[in-house]
Amino acid sequence: MKKLFSALLALILLCMILPSPALAAQDTFTLMVYMCGTDLESEGGLASMDLSEMVGSNLPKGGSVTLYVQTGGAESWLVDGITDRQAERWIVSKNGLQLVENVGQANMGDEEVLTDFLKSGISRYPADRYGLILWDHGAGPAGGICYDEVSDDSLSMAEVYGALQSASKVEGYHKLAFVGFDACLMASFEVACHLQPFADYMIASEELEPGTGWHYNDWLPRLAANPAISIEELGRVIVDGFIRSSLALDPSEYATLSVTNLNKLGPLQKAIADLAASLQGQ
């Protein structure tokens, strides 16, 4: 009996010492950035500026956070080594941009191209958590995201949904920690509904974004230091950095950015559905 009691006590103490699976499974993070440069890059070099911020964030190569970026959708790029009018995939770290793959003349406004990028990121760089940022012009739930100036095409929200749905079938996939839009006009109920099955949080602006967009220097180091950081905490850093950098550029700028918990969307969806049903009955 004493031996049994001692064994049980040892087991309890071991469980107290060892981290639970929920806590242990937060050690790595793969952040995928779908950077459709378009005229923001070819006429203003704004994508190149954000890539420079990413490099300047000093993410260690081969560290716990993998930054996987696809560039494309622009007539020309200011960064040496990025091929004009083609799509390419990179690992971005403090060492610079490391080319992983040249995709060729791929239409960044095509669902299959986004799907392939997501599948590639999940398969090549499996992690405990994943994030996705869509970078480019945004035109809301009706106009979509990621206008490719080479192909004159963009992603509709139905295509974004389709790409996420296809990626969700890849081995190693789990629900994304967040989907962010470094773009204008994407923080809407309709967009949130498209993302809700595939992500825990949405980070987006309801209004127009200044061309400088998110300030990657602020928050990527925070993610690198703690890949298990909550998205609510990380989101505050993203929002504060975005607002601060926007106002520094133009004090009169009207900049907005929000962090939405998509897991709490259900009651709002039901309320709107009930409202629509009641209006139909009148």
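Analyst: Leu164 is buried, with a relative accessible area of 4%; here buried means under 20%, exposed means over 50% and partly exposed is anything in between, using a 1.4 Å probe and protein chains only. A word on the ground rules: this is a predicted model, so local features need pLDDT of at least 70 and side-chain atom pairs count only at pLDDT 80 or more, while totals for chains, interfaces and linings use all residues. Residues are numbered from 1 along each chain as its sequence is written, and side-chain values use heavy atoms, with hydrogens and water left out.

Leu164 sits in helix 7, which runs over 157-167; helices (H or I, at least four residues) and strands (E, at least two) are DSSP runs numbered from the N terminus. Leaving aside residues up to four places away in sequence, Leu164 touches Leu118, Leu132, Leu176, Leu195 and Phe198, where contact means heavy atoms within 4.5 Å. Asn261, 97 residues from Leu164 along the chain, has its C-alpha atom 18 Å from that of Leu164.

Some of those neighbours turn up again around a hole. One cavity of 30 Å³ or more is counted, and the largest cavity has a volume of about 30 Å³. A cavity here is a set of points on a 1 Å grid over the protein atoms alone where a 1.4 Å probe fits but cannot get out, and lining residues have an atom within 4 Å of a point. Points are joined across faces, edges and corners, and the volume is the space filled by probe spheres set on them. Leu164 lines the largest cavity along with Met32, Leu118, Ile122, Ala167, Tyr173 and Leu176. Helix 7 and helix 5 (111-124) each supply at least two of the lining residues.

Thr115 is part of helix 5 and is buried at 3% relative accessible area. Beyond residues up to four places away in sequence, Thr115 touches Ala163 and Ser166.

Side chains of opposite charge can pair when their charged atoms come close. A salt bridge here needs a side-chain nitrogen of Lys or Arg within 4 Å of a carboxyl oxygen of Asp or Glu, and eight are counted. Arg89 pairs with Glu101, N to O, at 3.1 Å. Arg89 lies in strand 3 and Glu101 in strand 4 (residues 96-104), so this pair ties together parts that are twelve residues apart in sequence. Arg89 is buried, at 1% relative accessibility, whereas Glu101 is partly exposed at 26%. Arg89 also meets Asp116 in a salt bridge, with 2.8 Å from N to O. That one links distant parts of the chain, Arg89 in strand 3 and Asp116 in helix 5, 27 residues apart. Shared partners join Arg89, Glu101, Asp116 and Arg124 into one network of salt bridges. Asp116 itself is partly exposed, with a relative accessible area of 38%.

Another pair is Arg85 with Glu75, whose closest N and O atoms are 2.3 Å apart. Both lie in the loop between strand 2 (65-72) and strand 3 (87-93), so the bridge ties together parts ten residues apart in sequence. Arg85 is partly exposed at 38%, and Glu75 is partly exposed at 33%. The backbone of Arg85 is worth a glance too: phi is near 65°, a positive value in a residue other than glycine. Thr38, in helix 3 (residues 38-42), also has a positive phi, near 40°, and Thr38 is buried at 0% relative accessible area.

What about disulfides? Cys193 is in no disulfide either, with the sulfur of Cys146, the nearest, 20 Å away. Cys184 is buried at 15%, while Cys193 is partly exposed at 23%.

Note on methods:
On a 1 Å grid over the protein atoms alone, a cavity is a set of points where a 1.4 Å probe fits but cannot get out, and a pocket is an open set with protein on both sides within 12 Å along at least five of seven lines; lining residues have an atom within 4 Å of a point. A disulfide is a pair of cysteine sulfur atoms within 2.5 Å.
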